[in-house]
Amino acid sequence: MKKIVLFSLEAGVMGGVAGVNRVLCEMFRSMGYEVLPLYLRRGGEECFEGDVIRPDRNWSFTQGKKILSALKRGRLFTALRFSFCRLAEKRRYEEDCRRARALLKRENPDLILTSHYLLPDAIPEELLSRTVHHVHTSFAATAAVRADLETLRRFNGKIRFLWLSEGICREAEKFGFQNSDYLYNPLSAFPEKRSEAEKSQSVVIITRFSEEKRLPLAVALLREAFDRLPDPFRYRVQIWGFGPEEAKIAEAIGNDSRFQMMGRCSDPFAALKEARLSINTSRFEGFSLSILESSAAGVPTVSFRFGEAAEEEILSGETGVLVPMDDRESFVQSLRDLLCEDETVEKMSRRAREYARRFTLEAVAEDWRSFFDSFWS
């Protein structure tokens with residue numbers, strides 16, 4: 001039986017990369033592989049499976065920009081303190097990498113799947129040829145983080161790169177990243193029934209409340225679209241999620257009764273059951289599972305063109321609408337049209353659900369099986 005180490009940065013966190021890796025872990029096991037989840041540090045309180053190199057939560061990196069900011073403000077002693085913290089954190093990181101390399105040598109896996117730029121340095125030299133670095137964001141977002149890009153360049157030609165979409169993979173290849181492939185992230189489930197979106201009077205947003213999602217902008221765009229309707233109060237908006245931007249979203253909503261913050265979402269398909277539309281206002285996305293979940297439920301999405309994978313997630317005019325980034329007028333007009341045109345929404349709903357079958361666990365598992373066969377051949 002082939003052994004796969006699924007190497008993540010943090011244990012005990014929810015959503016995002018952690019959620020994808022949990023789905024991949026179960027999928028790989030169902031395919032007959034032995035899977036060992038491994039984490040460099042403890043990052044949260046949620047239950048998790050696997051080994052943690054540093055089980056306490058005292059491992060972090062003081063960002064260089066934090067030191068520079070203190071210097072610019074003339075706070076020399078603060079900058080000095082941050083610098084010493086960074087040196088201590090770097091030593092802990094190097095020690096953790098040594099521990100990880102020792103563990104990986106003992107396990108001697110057939111494949112190591114890493115999912116953060118801090119992890120390739122924790123791979124033994126002799127196992128680099130068995131390592132696949134799974135990049136969970138767009139190439140533009142990767143290239144914008146200097147440390148991330150520099151790490152990938154150091155390992156270019158030594159490990160294999162796995163990107164989230166064909167478009168992202170093409171961009172990476174343009175920048176000279178060898179041994180690049182792409183595989184779509186799978187849906188964790190597929191709802192039995194289609195949401196009758198054309199009959200619904202709700203817009204549903206399910207996402208993490210982080211700055212790049214720009215949810216206050218989503219509130220403003222929806223409000224403008226509603227106010228262009230003959231009955232501005234016909235539709236309601238449910239915003240599901242949690243995160244650091246919660247207060248800003250609540251401030252954007254104010255006392256507008258058309259908007260409701262629903263809290264954490266444990267069952268996205270239940271939340272989407274009565275939805276007409278979903279929207280995405282993110283400044284960037286890697287590969288948005290919330291868009292695919294909406295499509296699987298039969299709920300079209302109106303979205304800004306968020307990155308290299310946008311056209312692979314939304315077939316504009318068929319499964320939803322893609323709008324040029326920050327073209328607010330086009331976004332509002334698209335919303336307004338779909339709030340009025342039941343027949344168009346029904347066609348998009350049925351096509352979206354059909355298209356989303358491309359991303360089921362079964363379909364993506366076959367793609368991974370082909371990838372593994374080529375990797376080990």
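Is Cys-97 buried or exposed in this structure? With a relative accessibility of 3%, Cys-97 counts as buried (buried is under 20% relative accessible area, exposed over 50%, and partly exposed in between, with a 1.4 Å probe and protein chains only). The model is a predicted one, in which local features need pLDDT of at least 70 and side-chain atom pairs count only at pLDDT 80 or more, while totals for chains, interfaces and linings use all residues. Residues are numbered from 1 along each chain as its sequence is written, and side-chain values use heavy atoms, leaving out hydrogens and water.

Zero disulfides are present in the structure, a disulfide being a pair of cysteine sulfur atoms within 2.5 Å. Cys-97 is in no disulfide, and its nearest cysteine sulfur, that of Cys-85, lies 19 Å away. Cys-25 is also buried, at a relative accessible area of 5%.

Charged pairs come next. Searching the whole structure gives 34 salt bridges, each defined as a side-chain nitrogen of Lys or Arg within 4 Å of a carboxyl oxygen of Asp or Glu. One of them joins Arg-160 to Asp-181, with the closest N and O atoms 2.7 Å apart. Arg-160 belongs to strand 6 (residues 160–163) and Asp-181 to strand 7 (residues 180–182), so this pair ties together parts that are 21 residues apart in sequence. Helices (H or I, at least four residues) and strands (E, at least two) are DSSP runs, numbered from the N terminus. Arg-160 counts as buried at 19% relative accessibility, whereas Asp-181, at 23%, counts as partly exposed.

Within helix 1 (residues 16–30), Glu-26 and Arg-29 sit three residues apart, about one turn of the helix. Their salt bridge has its closest N and O atoms 3.5 Å apart. Both partners are partly exposed, Glu-26 with a relative accessible area of 47% and Arg-29 with 28%. Glu-245 and Lys-248 also meet in a salt bridge, at 4.0 Å from N to O, and Glu-245 is buried at 13% relative accessibility. Elsewhere, a network of salt bridges links Arg-54, Glu-95, Asp-96, Arg-98 and Arg-99.

The surface also carries a nonpolar patch of Phe-77, Leu-80, Phe-84 and Leu-87, which together have about 480 Å² of accessible area (Shrake-Rupley method, 1.4 Å probe, only the protein chains shown counting as cover for residues). Patches consist of residues with over 30% relative accessible area and no salt bridge, like charges being joined within 9 Å and nonpolar side chains (Val, Leu, Ile, Met, Phe, Trp, Tyr) within 5 Å. Leu-80 lies in helix 3 (residues 76–107) and is partly exposed at 45% relative accessibility.
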